[in-house]
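This report walks through a single structure, one region at a time. Keep the sequence and the model in view while reading.

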Amino acid sequence: MVVKNENGWLFGVNRVLSPNFNERPEGESVSLLVIHNISLPPGQYGGGYIEQFFTNQLPINDDPFFQEIKDLQVSAHLLIERTGRVVQFVPLHKRAWHAGVSCYKGVENCNDFSIGIELEGTDSELYTAEQYTQLVELTLAIQAKFPAITDDRIVGHSDIAPGRKTDPGPAFDWDCFFTQFKNRKLDGE
């Protein structure tokens with residue numbers, strides 16, 4: 001995958017533009033990668049609801065939970081579905097609305113300086129091999145464009161919003177991800 005420098009879009013992924021983004025503060029460098037999870041309705045996969053949610057088109061009568069979230073305006077830069085399909089919602093140089101109230105190493109408002117990747121899943125259900133493969137490839141492409149995102153600046157949503165968020169949860173295998181990631185880095189050298 002290659003980041004297209006002119007407009008922040010990745011090649012080889014599906015594009016669905018979300019209206020839920022804005023400009024980063026002037027002079028702010030992108031220096032953090034945040035991994036999330038999402039499933040809509042909770043614990044269910046497929047159905048296109050995540051895309052509809054991130055584009056403010058969620059059919060609120062399809063599930064009682066949708067009534068609870070109908071007024072939220074959120075997005076992420078990228079979504080990796082269970083099948084490995086990748087959707088990009090926001091150009092990487094723009095501020096997606098994924099982190100909410102957050103703080104990393106004493107700096108608040110992580111949306112200002114982070115890229116958010118959602119994995120279709122829950123805290124308790126294992127993620128798929130396809131998701132790990134795509135996450136590794138996306139991370140490498142993102143780091144190539146934003147070198148301030150060093151390996152130690154790849155975190156979970158729970159790390160920047162402790163007590164408020166738990167994702168990507170215990171089901172996310174950090175050792176598996178970093179092993180694949182480091183092996184892939186070595187292959188590319």
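## Strand β3 and its partners

Three bridges join β3 to β10, and the two strands run parallel. Strands count as paired if DSSP finds at least two bridges between them. Strands are DSSP runs of E with at least two residues, helices are runs of H or I with at least four, and both are numbered from the N terminus. In β10, Gly 156 is the bridge partner of Ile 35. β3 also pairs with β9, in the parallel sense, over seven bridges. Here Leu 33 has Ile 115 of β9 as its bridge partner. Asn 37 stands opposite Leu 119 in β9.

This is a predicted model: local features need pLDDT of at least 70, side-chain atom pairs count only at pLDDT 80 or more, and totals for chains, interfaces and linings use all residues. Residues are numbered from 1 along each chain as its sequence is written, and side-chain values use heavy atoms, with hydrogens and water left out.

How many of the seven residues of β3 are buried? Seven of the seven are, so β3 is largely enclosed by the rest of the structure. Buried means under 20% relative accessible area, exposed means over 50%, and partly exposed lies in between (1.4 Å probe, protein chains only). Leu 32, Val 34, His 36 and Ile 38 point one way from β3. Leu 33, Ile 35 and Asn 37 point the other way.

β9 is also largely enclosed, because seven of its seven residues are buried. Both of its faces are covered. Ser 114, Gly 116, Glu 118 and Glu 120 sit on one side, with Ile 115, Ile 117 and Leu 119 on the other. β9 pairs with β4 too, in the parallel sense, over three bridges. Glu 118 of β9 is the bridge partner of Leu 79.

## A closer look at His 36

His 36 lies in strand β3. His 36 is buried, with a relative accessible area of 1%. Contact means heavy atoms within 4.5 Å. Leaving aside neighbours within four places in sequence, the contacts of His 36 include His 98, Ala 99, His 157, Asp 167 and Pro 168. Gly 116, Ile 117, Glu 118 and Leu 119 are also among them.

## Helix α3

Helix α3 covers residues 129–145, 17 residues in all. α3 reaches 25 Å from its first C-alpha to its last, close to the 24 Å expected at 1.5 Å a residue. That expected span is 1.5 Å times one less than the number of residues. Among the buried residues of α3 are Tyr 132, Leu 135, Leu 138 and Ile 142. The buried residues of α3 pack against β3, β4, β5, β9, β10 and α5.

Leaving aside neighbours within four places in sequence, Glu 130 is in contact with Arg 82, Thr 83 and Gly 84. The C-alpha atoms of Glu 130 and Ile 80 are separated by 8.8 Å, though the residues are 50 apart along the chain.
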